[in-house]
Amino acid sequence: MPQVTERPKPFLFPEFCKGCGRCISVCQKHSIHFADHINARTGVVPIEIDLDTCNACGLCMDACPEPYGLIGRPVDATDWELEDPSHLFGHRPTTAPVPVDIPDQRVALPACEPLVVKGNYAAAIGALLAGCRHFFGYPITPSTEGAELMASLMPKLQGVFLQAVSEVATVNHMYGAASAGQRSMTFTSSPGFSLMLEGISYMIGAELPGVFVNIMRGGPGLGNIAPEQTDIKLACRGLGHGNTHALVFAPSTPQEMLDMTMRAFDLSFRYRNPVVILGDGYLGQMTGRVMLPRDMVKPGIPAWAVWGDAMHRRNLTSSIMLAETDLEQHNEHLNRKYEAMKVEAMADTFVCDDAEIIVVACNTPARMAKGAVQELRHMGVKAGLFRPQTLWPFPVDAFLPLLAHARRIVMVEASPGQLEDELRLALSRADVRTYPPISSVQHFGGILPQQHEIVTRIMDLPAGSHAQAVSGSEVLA
Ligand code: SF4
Ligand code: SF4
């Protein structure tokens, strides 16, 4: 007896339809038409099929370009729902050992004389001593010396230097290296950093470490290659889409470029999160005395790494979570992590114990501000310098005690108030309602505030300013 098989009629979940209409044009029975509504999950108008007139010829299924588009109608349509296989079948049995951290080792360095190097070189040396052996990037002024040193040293250290084709490629190379538990970094400058933000958001979502050294230059747009501090907002408040934050360091000397880069790798892996080092173009090019640490890091392999051996085979890094409840839980986890990062806030103070004028500055402008404070002290003015070394989190706990004797806060920055915004937000979050008036010395476009104008502006402040309710700011440049 001949076996009779029934040809399946087409089946479609509307969320897989791209609305191209190819199936409509091939159907000789005119059984397919566009729906009269937009699918809320895709934003396009899907097709609908009249199965009563369909003769199951199959032409539409052949015409559909979507892999999960038109298919032979399954017996149970729910077979085609997207589901996590681990929910359906449980975790796959495996005899592989449970992954554990292979810890870092510290290797003693021989004593040596201080180096005299540029800030960019100091950060690159710090990265190598922190165990970074994967560099992705490209020349971009004023950060290029970092990539240049990495290009010459990585091959000698069995490391990887890859000149990426773009900023987007750079950050995704870092994503891949970080997934394997490797220490990776890039040097960039403002417009390049902007292009990396989407990838940084993905790294934060997937909880992947990596160190971004952004040597800020003048903007907006292509701007120029002179120093500015106008990426503070970007690094502290705008790391791509979604609920993102990263530790943001603000070094002021070549020594801090080295020390903070080493620390950045440590914290990046501790929190499984990118870390940003914000320098300015002047600091990147500035030559200074740099002491090397007593030891360097030989990195291990973290338990979560997708390393490729049997122990790490079950690992997966991903930032995609389709279920709303899963993604909310992940964001709550990230929020707890951001909260925990607040213990890493750091600040440096200079003669602040009795200061009535608190000058706040970071990066290179903090050097001019320190000179101004010294000059003011010689003139009998009780000025002090508060220098945030982390911009996110802002070290507000170190700042609050200074308010007890402060009569005026003076922000010194090469930006139109982005550091001041961070201070004001930190005070607001700390529930501080009353603080002294804030004045500002600002430059941008590649011009840094100078010591003499900081002194002049402070000497021109109205005498006898007293703590008062928040009343806006006074911009003095
Ligand atoms: S199977 Fe044939 S008849 Fe049925 S909708 Fe597709 S093209 Fe039209
Ligand atoms: S061919 Fe496939 S994707 Fe295109 S409209 Fe038809 S079902 Fe949708």
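This is a predicted model: local features need pLDDT of at least 70, side-chain atom pairs count only at pLDDT 80 or more; totals for chains, interfaces and linings use all residues.
Axes are lines fitted to C-alpha atoms, for helices over the stretch in contact, and the angle between two of them runs from 0 to 180 degrees between N-to-C directions. Two packed helices are described by the angle between their axes and the distance between the axes.

Helix H4 covers residues 119-129 and helix H9 covers residues 254-271. The axes of H4 and H9 lie 7 Å apart and meet at an angle of about 30°. Angles under 35 degrees count as roughly parallel, so H4 is roughly parallel to H9. The crossing of H4 past H9 is right-handed. On the H4 side, the contact is made by Gly119, Ala122, Ala123, Ile125, Gly126, Ala127 and Leu129. H9 contributes Pro254, Gln255, Met257, Leu258, Asp259, Thr261, Met262 and Phe265. By class, the residues of this contact are 10 nonpolar, 4 polar and 1 charged.

Now consider the chain as a whole. It is divided into domain 1 (10-82), domain 2 (106-344) and domain 3 (347-475). Between the centres of domain 1 and domain 2, taken over C-alpha atoms, there are 46 Å.

The ligands come next. Around ligand 1 there are 14 residues, of which Cys27, Ser31, Cys54, Cys57 and Cys60 come nearest. The shell of ligand 1 consists of 10 nonpolar, 3 polar and 1 charged residues. Ligand 2 is surrounded by 14 residues, and the closest are Cys17, Cys20, Cys23, Cys64 and Gly69. In the shell of ligand 2, 8 residues are nonpolar, 3 are polar and 3 are charged.

Key: Residues are numbered from 1 along each chain as its sequence is written. Chains are lettered from A and ligands numbered from 1 in the order in which they are written. A residue is near a molecule or strand if its C-beta atom, placed from the backbone, lies within 6 Å of it. Ala, Val, Leu, Ile, Met, Phe, Trp, Tyr, Cys and Pro count as nonpolar, Asp, Glu, Lys and Arg as charged, and the others, Gly among them, as polar. Domain bounds come from an automatic or database domain assignment. Helices (H or I, at least four residues) and strands (E, at least two) are DSSP runs, numbered from the N terminus. Angles under 35 degrees count as roughly parallel, over 145 as roughly antiparallel, 65 to 115 as roughly perpendicular and the rest as oblique. A crossing is left-handed if the near helix is turned anticlockwise from the far one by less than a right angle, and right-handed if clockwise. Two residues are in contact if their C-beta atoms, placed from the backbone, lie within 7 Å.
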